[in-house]
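Subject: Structure for you to look at

Hi,

Here is the structure I promised to pass on.

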Amino acid sequence: MKVVGARIPRYDGTAHVTGRTTYVDDVRVPGTLWTKALRSPHHHAAITKLDTSKAEAMEGVHAVITWKDVPLLEYGHLAALGIPADEPLLAKDEVRYLGQPIALVAAENEDLAAEAVSRIEVGFEERPALFDVRQAFDAEAPEIHHEGNWYKHFEEEMDRRQIRKGDIKWAFDNADTIVQGVYRPAAIEHAPIETQVCQVVPEANGRLTIYSCTQALYFSMGVVAAHLQVPLNKLKVVGGTTGGGFGGKVDTATETMCSLLAMKSGRPVKWRWTREEEFLCSSTRAPWHMEIADAVTKDGWILGRKMLTLHDSGAYSRFSPYGLTKHSFHHTGAYTIPNLEFDGYVVYTNRTPTTAMRGFGVTSVSFAVETHMSRIADVLGLDPIEIRLKNANRIGDTSPNGIVYTDPSTVLTIQTMAETTGHELPADYRTMTSEPRSGDLLPEHLVAQLGNPEEH
Amino acid sequence: MNLTVNGVTHEIDSSPLTPLLDVLREELGITGAKAGCHQGGCGACTVLIDGEPRRSCLMPVGYADGGEIMTVEGLGTLDDLSPIQQAFIHHYAAQCGFCTSGMLLAGQAYIDHGGTDDEEAIQNALAGHVCRCTGYSKIIDAVAATARGDSFDLTETAVGKHTTMATGGAE
Amino acid sequence: MAKHRGKGIAAIEYPTGMNQNGDPSQAWIKVKPDGRVDVFAGTADIGNGSKTIQTQIVAETIGVPYDWVTYDNSNTDSSPMCTGTFASRATFVAGMAALKAAQEVKVKLLEIAGKELEIDPSDLEIIDGEVIAKGAPQTKMSVADVAGAATFGHGELITGTGAQLKPYSTIIDSESGAVDLPPHSAISYASCAAEIEVDDETGQVRILRLQQCYDVGRAINPTQVEGQIEGGAMMGLGLGVLENCYPYYPGVEHRGGMFGSYLAPGMEDMPQIDTIMIENPSADGPYGAKGIGEMANNPQPPAIAAAVHDAIGVWITELPITPERVLRALEAKEAGTSEPRRKGKLVVFDEELSVNAVSSGGMRFEVPA
């Protein structure tokens with residue numbers, strides 16, 4: 001009996017339909033405390049005062065934590081990729097986004113925890129906030145990140161992600177038409193039906209059992225270990241069953257915060273985000289600002305592309321440099337464009353830090369370049385399917401940063417879609433393949449970019 | 001007060017204003033109904049009270065006094081899955097599973113009230129339930145199939161009604 | 001006061017695995033005395049169905065029935081490392097780790113069976129839980145008996161370990177972006193045709209139909225792939241016409257804090273979704289599989305934007321394409337202000353959105369003249 005390729009029912013299907021699947025919020029440990037957070041009410045402010053004594057003094061409150069309780073306050077989740085830490089687990093001297101966590105309370109029940117949060121005395125001095133990535137580079141823009149308003153640690157400390165290929169000037173000089181457009185997809189929420197939730201149990205042998213909804217058990221374990229400065233075997237992450245993630249349950253800080261509360265109180269601690277917190281305080285998909293200028297010929301060849309991307313990272317870096325890099329590697333979409341000038345910036349704004357979401361980095365560029373392709377077809381009066389087939393990646397073509405395509409199926413998927421939608425293609429387009437370019441499909445301007453697929 | 005859940009009567013300590021969802025999950029340890037939003041907006045907390053779908057997150061438990069509550073646990077068990085549960089398995093109507101108990105109960109109520117396999121009617125009946133994983137398509141298929149009285153092969157999932165498989169690449 | 005129909009298309013590509021690689025996944029397997037197989041992996045199942053996929057891969061690779069395999073990804077004490085469930089890596093990268101572990105188990109089972117049957121292991125195969133001599137099917141032994149013999153006869157524990165890691169692909173030239181290795185495990189491809197209807201009085205855009213073609217390499221579980229495609233389609237629809245954390249972006253006012261004010265797609269937003277799955281196998285993925293989870297929500301927004309232009313002759317390049325944006329675009333079209341600026345070769349759209357219109361000089365976008 002063949003198993004791969006078979007329509008086997010879900011491994012956990014019966015558990016799902018009988019309500020027996022255990023999510024983090026279903027775990028029951030006697031003596032568990034509930035958690036509430038003090039969050040910044042301001043987009044950008046200095047913290048002038050933080051006094052948790054009245055909260056700590058409350059009956060039924062077992063632990064309050066602030067930045068002082070964190071052994072390593074700032075840890076870069078992608079430090080291994082060279083992205084330096086820039087974000088405190090809990091705010092220390094300032095807050096940079098509305099909703100930023102400042103202090104956490106663990107108490108006997110949710111109401112008590114919320115009451116204790118309201119008794120934390122905190123003072124702020126508001127600062128001007130920056131929300132528009134297009135203005136972040138201006139001299140008069142408020143400086144909202146200690147390293148300036150955009151990330152400056154790409155390779156060799158470059159302040160942008162850069163792709164260069166061929167001769168962009170040649171492309172624009174030789175174009176018949178130059179089509180320019182601006183593309184701005186919005187920040188959206190992951191909005192899984194299960195909100196962010198974590199429960200940490202301090203064990204008798206000094207270990208911490210962390211029940212987590214993380215999409216990445218070992219990744220989250222590493223983050224906790226780094227902040228707490230403990231070896232991995234002090235922690236046991238229990239999970240593997242998440243009620244939806246879509247990229248929003250990777251840069252989670254709940255595990256670390258609950259661990260600190262559990263250690264301080266000696267009791268199991270649980271933090272379940274409200275849906276409001278999930279919508280207003282959880283990291284989002286990034287908004288992107290992309291400007292494209294394509295040098296095109298009247299018969300539909302894209303000779304060159306100049307592109308500027310401003311990636312709205314929100315208040316801190318998180319995964320943004322990684323996402324922008326991925327974006328840059330794919331900024332030609334499914335097409336072969338031989339001359340490229342791409343510049344992308346990770347820009348800070350005073351909004352909730354943005355993070356990975358389904359398609360991270362490429363969803364944005366797909367929207368921009370595909371809409372732009374449709375526009376080009378319209379401007380030139382060409383068939384939108386034919387222009388795509390002509391420029392589509394073929395075996396031996398190279399990507400923006402020089403990787404050789406060995407087996408692209410752009411031609412196949414487009415032809416299939418044309419057939420499905422009843423779009424009649426001329427014979428020469430109907431019979432196109434992904435085989436290496438030759439003849440009419442290999443104009444002079446595409447020769448230099450060719451690579452050897454055997455060498456990959 | 002007393003609360004009858006899935007045919008069993010429990011004596012409740014929580015105050016009458018406590019949301020029914022919290023009583024079920026925290027006091028009684030019946031965790032099938034989920035806390036998706038506590039705002040009445042997602043449907044994951046749905047239970048049936050006297051056969052009617054209700055948002056347990058918004059309902060003070062005192063309001064349910066005297067009513068027959070059914071949670072997903074009352075629909076069927078591993079050894080005795082109800083048709084709609086079988087349908088959800090066969091049609092792959094659950095991915096992460098978090099919205100599933102609400103969908104099942106709302107679907108069951110729809111069928112119990114005479115609902116047919118009309119897709120628009122099913123969409124209408126389940127409109128207030130949010131799912132982020134499935135795109136709803138297979139949930140509708142599962143409810144429709146149950147309404148039709150289909151029987152379900154639990155060893156294999158169904159081909160999507162608008163799916164074609166093709167093989168491409170080098171011939 | 002009319003409804004206008006329009007069609008638009010998009011063709012996309014998407015990488016499998018973390019960008020620039022360096023993201024390991026590991027699995028280990030042990031076989032019980034009755035031949036049943038226990039898989040331990042650190043891959044979280046977030047609804048994508050990775051538990052099922054990895055179990056299928058293990059069952060197929062060893063040659064035992066699917067229900068002989070149990071899967072445990074529940075904790076970091078017993079499961080080895082997996083970087084995580086993101087970057088469309090669960091089937092390819094984590095699946096390959098499980099496959100490699102299963103291959104090791106198979107080798108060991110055949111070794112023991114070879115000793116028991118006194119046949120060279122290379123002349124044996126495993127089909128449906130039985131070790132069978134190639135070409136002599138009457139000579140066989142159940143995997144259950146092999147495992148029993150291993151445990152009680154040979155004093156052996158049958159295990160397998162698998163680790164999948166594509167080495168980190170370093171950027172070797174920061175000016176061009178060149179890398180020393182392909183920065184992905186595979187690339188998947190898709191196309192989408194959207195059919196929509198725009199109401200020119202309310203501005204509402206309704207998606208009527210999405211016809212989508214996905215090359216997934218190999219559908220390990222075709223129904224689960226459909227689930228990703230259909231679920232992704234609705235998420236892409238949401239990005240295209242409904243969802244926005246900041247309705248007044250870049251302003252931060254009026255963020256929706258509830259499902260009623262944040263517009264996640266509902267059942268009544270469903271279009272008809274037609275799915276064509278193509279299997280153009282990857283070179284080195286498990287059974288030729290490639291990733292699908294993320295790209296499923298990428299082609300819809302541009303297909304919808306093109307369809308809106310087809311329907312009402314306006315380009316809306318800010319997402320989501322809300323009724324307000326549609327109505328403003330129609331007003332601009334009426335007023336004749338929505339045409340691009342043309343000068344020489346230049347055809348310039350969206351000037352009011354450009355950084356040039358908003359920045360005081362810190363950032364500019366200029367075409368090489």
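A bit of housekeeping before that. This is a predicted model, in which local features need pLDDT of at least 70, side-chain atom pairs count only at pLDDT 80 or more, and totals for chains, interfaces and linings use all residues. Residues are numbered from 1 along each chain as its sequence is written, while chains are lettered from A and ligands numbered from 1 in the order in which they are written.

Chain C

Chain C has seven helices and 15 strands; these are DSSP runs numbered from the N terminus, with helices being H or I of at least four residues and strands E of at least two. Along the principal axes, its C-alpha atoms fill a box of roughly 90 × 50 × 40 Å. The radius of gyration of chain C is 27 Å, whereas a compact globule of 369 residues would be near 21 Å (taken over C-alpha atoms; the globule rule is 2.2 Å times the number of residues to the power 0.38).

Of the 369 residues in chain C, 59% count as buried. Buried means that 20 or more other C-beta atoms lie within 10 Å of the residue's own; exposed means 12 or fewer, partly exposed is in between, and C-beta atoms are placed from the backbone.

The core

In soluble globular proteins, nonpolar side chains tend to be buried together. The largest nonpolar core in this model has 302 residues, and C:Ala98 and C:Val308 have the most contacts inside it. (Such a core is a set of buried Ala, Val, Leu, Ile, Met, Phe, Trp, Tyr and Cys residues joined through C-beta atoms within 7 Å.) Helix 2 of chain C, residues 90–117, gives the largest share of this core, 15 residues. Beyond its neighbours within four places in sequence, C:Val308 touches several residues, including C:Gly6, C:Ile196 and C:Ile321.

Where C meets B

Here 31 residues of chain C and 28 residues of chain B take part in the contact. On the chain C side, helix 4 (222–242) and strand 13 (272–279) each supply at least two residues, and helix 4 has the largest share with nine. By class, that side has 14 nonpolar, eleven polar and six charged residues. For the classes, Ala, Val, Leu, Ile, Met, Phe, Trp, Tyr, Cys and Pro are nonpolar, Asp, Glu, Lys and Arg are charged, and the others, Gly among them, are polar.

Domains in B and A

Domain bounds come from an automatic or database assignment. Chain B gets domain 1 (2–74) and domain 2 (83–148), with centres 20 Å apart over C-alpha atoms. Between them, 16 residues of domain 1 of chain B are in contact with twelve of domain 2 of chain B.

Chain A is assigned domain 1 (28–125 + 190–280) and domain 2 (155–187 + 284–455). Their C-alpha centres lie 40 Å apart, and 17 residues of domain 1 of chain A are in contact with 17 of domain 2 of chain A.

Cheers

Definitions and conventions. Two residues are in contact if their C-beta atoms, placed from the backbone, lie within 7 Å.
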